[in-house]
Amino acid sequence: MSGGSGAPDAGYLGGSAAPGGWLGTRDHKRIAVLFLGWSLGVFLLGIVYAVIMKLRAQSGIIDTHTYHQMLTQHGVLMVFLYVVPAIPSILGHFVLPLQLGAANMAMPGFSLWSFRFYALGTLCFLVSLFFGPTAAGWTFLTPFALTGEGAFMLMAAGLCLAALGWLVTGLNIIVTVHTRRDSGVGFFAMPLFSWGIYLAGYLLAAVGSLFAIIIVYLALSRAYAGGIFGPQSDPLLWQHYFWFVTTPAAYFALLPAVGVIGDMVAGIARKGFTGYRVTVGAMIALLGLSFTTWGLRMLGTGLSEDLGVVFAVLNLATAVPVALIAYCWLATLHRGAVLCGAPTTFVVAFLLQAGIGVAMGLCLGSLAAGRYLANTLFVTAQSHYLMMGGVMTALLAGLHWWWPKLTGRMYRQGLGRFAAGLYLVGLNLAFVPQILQGLAGVPRGVYTLPAELAGSELVSLTGVWIMITGLVLVASNLFGSLFDGPAAPANPWGAATLEWQAESPPPAGNFAAPPRAAADPYVG
């Protein structure tokens with residue numbers, strides 16, 4: 001690759017690597033780029049919806065019915081079409097083979113079809129908006145989801161296709177880890193990101209298939225006014241199925257995020273990872289617990305007292321592996337020669353915001369507080385802290401960490417740190433007011449807030465604009481580096497995992513020479 005500035009001229013980013021070009025490629029690196037571009041469009045649309053909904057009180061640009069339609073669309077876009085698949089699809093496809101010392105994913109055709117399912121599912125959802133958006137809410141509570149206007153069947157088809165994409169991605173990840181590891185990469189020589197993606201693969205496969213099934217049953221119940229979720233069934237039945245399936249979806253979004261931050265903590269500390277096996281064990285424990293805590297989402301809906309106690313105890317149990325992971329991160333950073341770059345700023349932002357989200361989750365797990373807060377904006381704020389403050393921040397951190405490897409270009413570190421700071425400030429200004437509104441008892445999904453809370457909503461709107469400004473700077477810094485960024489060395493951070501032994505960006509086959517794997521993935 002040539003040095004200096006100018007458009008990148010290397011490898012997979014240019015030319016045609018497949019008979020069908022980019023849309024027919026089976027190169028894991030190109031598929032990661034396709035997922036990045038497509039998911040960016042989904043995210044931008046979701047942000048537009050969020051801003052319009054925030055402006056409702058000040059401008060009156062939408063009425064109550066339109067607000068609830070947009071609330072449904074925003075939830076579907078951001079949860080099922082962006083946050084859930086983002087890290088496994090983008091960073092997973094690009095980084096996993098490199099960290100395992102492999103030339104590609106085990107089933108390249110599955111990689112391509114996972115993107116096609118994702119794109120087709122998104123298109124079905126968007127087309128359904130033109131035929132008539134639904135206002136059932138993104139959780140599709142029955143019996144509300146069984147009636148009303150909107151092209152529900154087309155939206156359900158889109159969600160099923162997206163879920164098939166999760167299934168295919170999960171199977172591909174599992175097979176890749178089992179069959180494509182370099183001879184020197186044992187299970188306990190895999191970096192934490194590979195572990196996070198590997199564990200998420202099982203959740204993707206399980207949840208993808210189950211989610212598609214329950215959505216089909218719900219669509220049929222709506223079409224024929226009968227069936228397992230029909231008008232005659234207990235409304236709590238759908239909630240049990242929905243939360244049982246989608247609560248692990250939050251975990252398979254968060255487990256890769258834990259892996260991203262784990263790899264980056266070791267890299268920016270420039271030392272070995274403290275408590276590697278403890279962290280892996282804690283991640284496996286979170287995988288098991290992900291199917292046991294769905295009932296907390298149903299506090300205040302008529303769930304029995306006995307079941308409430310059981311789910312509260314199980315929720316508290318998740319605090320143990322979370323605390324162990326956090327301790328290992330901090331122990332790794334302790335006395336490390338910490339790199340003061342843009343990736344470090346995003347890691348700090350993740351630790352702060354995900355920490356707030358976890359603490360709020362413990363509050364919701366308390367039976368006394370949980371029954372009061374369960375259907376308030378407190379839950380909305382907590383979800384955003386985990387998804388935006390946790391998963392989204394980890395994705396941004398990972399992009400800044402692996403961007404030189406992905407593109408062969410370096411971005412501006414100072415601008416990256418400033419953008420991360422704006423994003424951190426804006427996110428907290430946007431969602432701390434929602435915490436206060438939830439504590440005041442304001443329910444989720446209301447169009448009009450009490451007059452005394454108008455000031456807090458204005459602060460929240462200001463935070464949204466600051467957060468968006470930070471994200472615009474992030475995008476301009478990263479994508480601008482493609483045209484004027486200096487050439488990236490193979491290992492700009494001095495990290496020890498295998499992907500940094502490849503050129504930046506990696507050539508065909510990923511490695512010019514066989515990678516040298518070590519027993520400890522964080523000691524070169």
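**Note on helices, core and a pocket in a predicted model**

1. Helix α15 gives the most to the lining of the second largest pocket, with 7 residues. Helices here are DSSP runs (H or I, at least four residues), numbered from the N terminus. This is a predicted model, in which local features need pLDDT of at least 70 and side-chain atom pairs count only at pLDDT 80 or more, while totals for chains, interfaces and linings use all residues. Residues are numbered from 1 along each chain as its sequence is written, and side-chain values use heavy atoms, with hydrogens and water left out.

2. The space in the second largest pocket is about 350 Å³. On a 1 Å grid over the protein atoms alone, a pocket is an open set of points where a 1.4 Å probe fits, with protein on both sides within 12 Å along at least five of seven lines; lining residues have an atom within 4 Å of a point. The volume is the space filled by probe spheres set on the points, which are joined across faces, edges and corners. Of the 20 lining residues, Leu40, Phe43, Met392, Leu471 and Ala475 are the closest to the centre. Two or more residues each come from α1, α3, α13 (377–407) and α15 (454–484).

3. How do the lining residues of this pocket divide into nonpolar, polar and charged? There are 19 nonpolar, 1 polar and no charged residues. Ala, Val, Leu, Ile, Met, Phe, Trp, Tyr, Cys and Pro count as nonpolar, Asp, Glu, Lys and Arg as charged, and the others, Gly among them, as polar.

4. Methionine 392 touches Phe43, Tyr82, Met387, Tyr423 and Leu471 (heavy atoms within 4.5 Å), not counting residues up to four places away in sequence.

5. Is lysine 29 buried or exposed? Lysine 29, which lies in helix α1 (residues 28–54), is buried because its relative accessible area is 2%; buried means under 20% and exposed over 50%, with partly exposed in between (1.4 Å probe, protein chains only). Leaving out residues up to four places away in sequence, lysine 29 touches Tyr12, Phe94, Pro506, Pro507 and Asn510.

6. Glutamine 353 is found in helix α11 (residues 342–365) and counts as buried, at 0% relative accessibility. With residues up to four places away in sequence not counted, glutamine 353 touches Tyr385, Gly389, Thr393, Tyr423, Leu424, Leu427 and Asn428. The C-alpha atoms of glutamine 353 and methionine 387 are separated by 9.8 Å, although the two residues are 34 residues apart along the chain.
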